[in-house]
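Subject: Handover of a structure for your review

Dear colleague,

Please find the structure below, together with its sequence.

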Amino acid sequence: PAIGQALGPLGINMADFCKQFNDKTETMGYEKETPLTVQLSALSDRSFTFDVRSPPTSYLVKKAAGVDKGPNSPNADTPVGFITPEAVYEIAKVKSADQHRWHLPLDGVARSVIGTARSMGIRVKESEDDQAAAGGDDGGAKEAADAAGGDKMSKGKKGKKKK
């Protein structure tokens, strides 16, 4: 939404907000047109505090896959694009840097990134040549979790050998 529509009813000085926002985001290292999530707290004395968070996961996934927009209706049989487990790991590192995700393990954030990619019609694969049917398709979850440093995707009971 337009910034005036959001800040006007709260009585917040838009020029002051824009100046503080630009100062804060300048040091974050994102490109100029990158969308960022902002959590704004307006106080009763017309002052405010805000927290700038990382870009939306869908934006980062589309950028990594090199697609402009996802499909109108995702189809698992015909993916729109592909991302590597390494890209999932990098996106998970960016997302886990947000203050409200400090308690989540990196492999959990990576699984969330994979779920977002899957819902957008983007597959996680080592390369575009990989076959989805080879060895069972889990959407690249195991590879991405391994890339994220976690081996927690392969939970299961190990059988004991009988003598």
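**The largest pocket**

The largest pocket holds about 540 Å³ of space. A pocket is found on a 1 Å grid over the protein atoms alone: it is an open set of points where a 1.4 Å probe fits, with protein on both sides within 12 Å along at least five of seven lines, and lining residues have an atom within 4 Å of a point. Grid points are joined across faces, edges and corners, and the volume is the space filled by probe spheres set on the points. The lining of the largest pocket consists of 20 residues, and those closest to its centre are Ile3, Phe17, Phe21, Leu36 and Val38. Two or more lining residues come from each of helix H1 (3–7), helix H2 (14–26) and strand E1 (38–42). Helices (H or I, at least four residues) and strands (E, at least two) are DSSP runs, numbered from the N terminus. H2 gives the most, with five residues. By class, the lining has 13 nonpolar, three polar and four charged residues. Here Ala, Val, Leu, Ile, Met, Phe, Trp, Tyr, Cys and Pro count as nonpolar, Asp, Glu, Lys and Arg as charged, and the others, Gly among them, as polar.

**The model and its confidence**

This is a predicted model, in which local features need pLDDT of at least 70 and side-chain atom pairs count only at pLDDT 80 or more, while totals for chains, interfaces and linings use all residues. Residues are numbered from 1 along each chain as its sequence is written, and side-chain values use heavy atoms, with hydrogens and water left out.

The term pLDDT is the predictor's confidence in each residue, from 0 to 100. Its mean over the protein chain is 76, and 75% of the residues reach 70 or more. Confidence is highest in helix H4 (residues 85–96), at a mean of 91, and lowest in helix H6 (residues 141–147), at 50. Residues 130–139 have pLDDT below 50, and beyond near neighbours in sequence this stretch has eleven contacts in the model. A contact means heavy atoms within 4.5 Å. Over residues 150–163 the pLDDT likewise stays under 50, and the model has eleven contacts for them beyond four places in sequence.

**The chain as a whole**

The protein chain contains six helices and four strands. Along the sequence they follow the pattern α-α-β-β-α-β-α-α-β-α. Of its 163 residues, 28% count as buried; buried means under 20% relative accessible area, exposed over 50%, and partly exposed in between (1.4 Å probe, protein chains only). Among contacts with a separation of 6 or more, 58% join residues 24 or more positions apart.

**Individual residues**

Val38, one of the residues closest to the pocket centre, lies in strand E1. How is Val38 classed, buried, exposed or partly exposed? Val38 is partly exposed, because its relative accessible area is 32%. Leaving aside neighbours within four places in sequence, Val38 is in contact with Phe17, Phe21, Phe50, Asp51 and Val52. The C-alpha atoms of Val38 and Asp51, 13 residues apart along the chain, are separated by 5.6 Å.

Phe48 is placed in strand E2 and counts as buried, at 12% relative accessibility. Beyond four places in sequence, its contacts are Ile12, Asp16, Phe17, Gln20, Leu40, Ser41 and Ala42. Phe48 and Ile12 are 36 residues apart in sequence, and 7.4 Å apart from C-alpha to C-alpha.

The loop between E1 and strand E2 (48–52) contains Arg46. Phi of Arg46 is near 70°, a positive value in a residue other than glycine. Arg46 counts as exposed, because its relative accessibility is 59%.

Val61 belongs to helix H3 (residues 57–65). With a relative accessible area of 0%, Val61 is buried. Which residues does Val61 contact, leaving aside its neighbours within four places in sequence? They are Ile83, Ile91, Val113, Ala117, Met120 and Ile122. Val61 and Ala117 are 56 residues apart along the chain, yet their C-alpha atoms are separated by 6.3 Å.

Finally, Asp98 is found in the loop between H4 and helix H5 (106–119). Asp98 counts as buried, at 8% relative accessibility, and touches Arg53 and Ser54, not counting residues up to four places away in sequence.
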